[in-house]
Amino acid sequence: MQWEVVIGLETHAQLQTNTKIFSGASTAFGAEPNTQACEVSIALPGVLPVLNKEAVNCAIKFGLAVNAEIAPRSVFARKNYFYPDLPKGYQISQYELPVVGKGEVTIQVPAVGKNSAYEKVIHITRAHLEEDAGKSVHGAVEGMSGIDLNRAGTPLLEIVTEPDMRSAAEAVAYAKKLHELVQWIGICDGNMQEGSFRCDVNVSVRPKGSDKLGTRREIKNLNSFKFMQQAIEFETRWQIETLEDGGTIQQATVLFNPDTGETRAMRSKEEANDYRYFPDPDLLPLEITEADKTRVKAEMPELPEAMKARFEAEYGLTAYDAATLTASRDLAAYFVATVQAGAEAKPAANWVMGTVSAKLNAEEKNIAESPVSAVQLASLLKRITDNTISNNAAKQVFEALWAGEGDVDAIIEAKGLKQVSDSGAIEAMIDEVLAANAAMVEEFKAGKEKAFNALVGQAMKASKGKANPAQVNEILKKKLTG
Amino acid sequence: MINSSLQTLSQMLADKQISSVELTQTFLDRIDALNPEINAYVALDKERSIAQAKAADARIAAGQAAPLTGIPIAQKDIFCAKGWPTTCGSKMLAHFVAPYDAHVISQFDAAGAVNLGKTNMDEFAMGSSNETSYFGGVKNPWDFTRVPGGSSGGSAAAVAARLCAAATGTDTGGSIRQPASLCGFTGLKPTYGVVSRYGMIAFASSLDQAGPMAKSAEDCALMMNVMAGFDERDSTSLNRKKEDYTRDLNKPLQGLKIGLPKEYFAEGLDINVGKVVMDAVAEYKKLGAEIVEISLPNNGLSIPVYYVLAPAEASSNLSRYDGVRYGYRTPEYTDLMDMYCKTRAEGFGAEVKRRILVGTYVLSAGYYDAYYLKAQKIRRLIAQDFVEAFKQCDVIMGPAAPSTAFKSGEKVDDPVAMYLEDLYTIAVNLAGLPGMSVPAGFSNGLPVGLQIIGNYFDEARMLNVAHQYQQATDWHLKMPEGLA
């Protein structure tokens, strides 16, 4: 039987606010335990929550970025359960009326094979504001568990999708797109290691062609895209094998173990809590006006979709190139800076997506950390355009720039990479080549086209690669046919 | 002096006829003498109180006194006060010392008032007789065999026995007005949102409201001037202009329309209590008021609605008492679940546990719609009753409690009988309206309170209505014999 995997994501994005969602305590990461836990964070008797407006602005930004309905009135609810790192015995979240409603995100899913991708729209079901819990710390004191409430009350936006994804690649493409988007609009730092961006993945399988959803299992604890890919692939195989062996899938929460690459059930749905949600009487309904939206919109940067369209129109880039360059705000900014420094758009796009990205990937750096600045890259590209150096020589200059060996012209000079464009010199050199390779000349004249390329090669070799290839071609052609 | 009004005490302090230290000491001495019997206070800190009194005297000497500077006030033990034990009447918090001040406490501190001590109360404000307190019951100063009412029973007894100049209370379903009625003094529950709940330990957040408990309407007005006002730390606090609650005290009542809800004078009301209330109404007629009969058709539903909503909120509000961070933790346990279960089983009393169970039940999947949601809908109907009623009258009057103070132990094993104590007060909380109880006479030697219910933010008018009655009568000046 042909199987189809169905995937939906729930993502917790930690919002970049200075203070917590319902108190004035700091949200900075990595402080000594419980030093950022005010009376509200530790839920002393009598304390009350006050909503952080900045967290609301983040939610509005997200809603605008995914073209979603932003609720004019949404309600905070209490999710009741006991856990030592949940100080109030309930989490303030949103339940029936979330702040952000239906929206959508367009993803580019890389196709097998290079430089192509297909586009897909992933539907957002909802996004809601809530507070994070603290952390249980085991083993700091022998035989005891400690509680660190620094994180308690940190604002989160939980973003839920429809079960729209049909492969691990699509799920990862969505997660990456979302990861980039929340950073692009400045609401989340995207740090997955510190838990600022956490994805839970719901996976089910069904016979291809069926429109009925299978029973899903939710994978938690995915702190990298690589793990997400592995976990979904493992989980999908496991579910298909289980069903093919005549078994059934039980709804469950599973944990991915990065060491084994396997997923394992943590708790089944029967053990699930009854959270007894009800509207939090300590907080008024959250009201968002059109004026609020207009104000927030004015603070927002150009969104990736708009920028992509602009790149196509303004720079004549292909849709694929424009999408690739707008995959991250930093990458787009680097490209624009390169063009603004005088480079032509198309070669700039090719270099940023090609040589620059390859080098960054190889060294696991992001574009903001590139040792070659946009201005340096532009100078380099200008030297190609004005025929000072060849494309091949440019790659050597780029390596030298990366290694910090000085500016473009100094490197060209030092390495003697300047292209010979003096037609007199080239002509003299070609004459020598023709004289030395009479046999090849004869072959060409006898109709062997290939011999021409061989002669070009000989000429380039004689110039130690410095001759302008276009000129070599031109002069050689004239001499042989003229 | 112990019977003097706040205004008089303030004048005496200003005129240096007495110092705040002397005044404070006078009350501390009375507390020493009477509190072992009455049990109104659960925490005293004489050094601290005297230190505050000294600071107040210095402030008065510097000519910077505010109206309540140097006045000794008793604080219900539901308000967190920095450095003070704050127990909420529970074993769960028996050794809890608050590290911060409630808004109400800081308001009194800023006014230069003296914190005389923390008063006894029903555990987590759940009760109508003060008998659910972990620290024992409180005796009604009018008859030591009887309860003072609840949940603000300690503050009530302290005011009635003159163990303070005035006190604070909180009222979720009648906890200021019912004890005011049973102990014979003036108590006001303001409009929901007028006094900040910050630092006031939550029972039922959508109903809890702090207010003054004092000897007269005028004293309550002066207390309100300190307690009321916007506080950004409470999202339900109302951002309104600061008002002077004494401004209308002396307005004549000519033409005042008083609504008498027929439901308040029906089955369940003690005949003698009803008579005292009607005598008071007759007095108002003499003062120029008109009487109109009104109806609050959904009043009968207020107790069942309250006993769904208040426990629902309480079950969640009290989840934080889990033994993890502060408060009581069972000494021996095998694992986390065992620690939770034993801590909460041992730390909470029976009434609190009953309400947590009820509240958990009504919020549970499958029951939420039938109980919680339904109750919310009826709550809106109850509020609507008052909207209609206030189209016909300016204030509503009736009894504050169905009977006079009952015997200790009489209703302790009958929760439903206890819940009926709040028959006339609960609807006011559900609607978020202001309500007060004013001494209106006696039945068999026990005080009877007249309840005055006003429209939203009509506290100044209610205080005027009560004050004019207190100018014409002297019920509010009576105090228990033998305690003078």
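The dialogue below takes confidence, domains, contacts, helix packing and backbone details in turn.

Me: What kind of model is this, and how are its parts numbered?
Reply: This is a predicted model, in which local features need pLDDT of at least 70, side-chain atom pairs count only at pLDDT 80 or more, and totals for chains, interfaces and linings use all residues. Residues are numbered from 1 along each chain as its sequence is written, while chains are lettered from A and ligands numbered from 1 in the order in which they are written.

Me: What does chain B average in pLDDT?
Reply: The general idea is that pLDDT gives the predictor's confidence in each residue, from 0 to 100. Chain B averages 97, and 100% of its residues score at least 70. For the model, ipTM is 0.96 and pTM is 0.91.

Me: Into which domains is chain A divided?
Reply: Domain bounds come from an automatic or database domain assignment. Chain A has domain 1 (3-292), domain 2 (302-415) and domain 3 (423-481). The C-alpha centres of domains 1 and 2 of chain A lie 36 Å apart.

Me: How many residues of domain 1 of chain A are in contact with domain 2 of chain A?
Reply: Two residues count as in contact if their C-beta atoms, placed from the backbone, lie within 7 Å. Here 10 residues of domain 1 of chain A meet 8 residues of domain 2 of chain A.

Me: Which elements give two or more residues to the domain 1 side?
Reply: Elements are DSSP runs, numbered from the N terminus: helices are H or I with at least four residues, strands are E with at least two. In domain 1 of chain A, β5 (103-110) and α2 (168-184) each give two or more residues to the side that touches domain 2. The largest share, 4 residues, comes from α2(A).

Me: How does that side divide by class?
Reply: Ala, Val, Leu, Ile, Met, Phe, Trp, Tyr, Cys and Pro count as nonpolar; Asp, Glu, Lys and Arg as charged; the others, Gly among them, as polar. The domain 1 side in chain A has 4 nonpolar, 5 polar and 1 charged residues.

Me: Into which domains is chain B divided?
Reply: Chain B has domain 1 (6-256 + 392-477) and domain 2 (300-377). Their centres, taken over C-alpha atoms, are separated by 27 Å. The contact takes 28 residues from domain 1 of chain B and 22 from domain 2 of chain B. On the domain 1 side, α13 (415-419) and α14 (426-431) of chain B give two or more residues. α14(B) gives the most, with 3 residues. That side divides into 18 nonpolar, 7 polar and 3 charged.

Me: At what angle do α7(A) and α9(A) pack?
Reply: Axes are lines fitted to C-alpha atoms, for helices over the stretch in contact, and angles run from 0 to 180 degrees between N-to-C directions. Helix α7 (329-340) and helix α9 (374-385) of chain A pack at about 45°, with axes 8 Å apart. Angles under 35 degrees count as roughly parallel, over 145 as roughly antiparallel, 65 to 115 as roughly perpendicular and the rest as oblique. So α7(A) and α9(A) are oblique to each other.

Me: Is their crossing left-handed or right-handed?
Reply: A crossing is left-handed if the near helix is turned anticlockwise from the far one by less than a right angle, and right-handed if clockwise. The crossing of α7(A) and α9(A) is right-handed. Y334(A), A337(A) and T338(A) of α7(A) make the contact with A374(A), L377(A) and A378(A) of α9(A).

Me: Which residues of α8(A) meet α9(A)?
Reply: They are P347(A), A348(A), W351(A) and V356(A), and they meet L377(A), L381(A) and I384(A) in α9(A). This contact has 7 nonpolar, no polar and no charged residues. Helix α8 (345-362) of chain A packs against α9(A) at about 120°, with axes 11 Å apart.

Me: Where is the cis peptide bond?
Reply: The bond from G150(B) to S151(B) is cis, with omega near 5°. S151(B) is in the loop between β3 (114-119) and α5 (153-160) of chain B.
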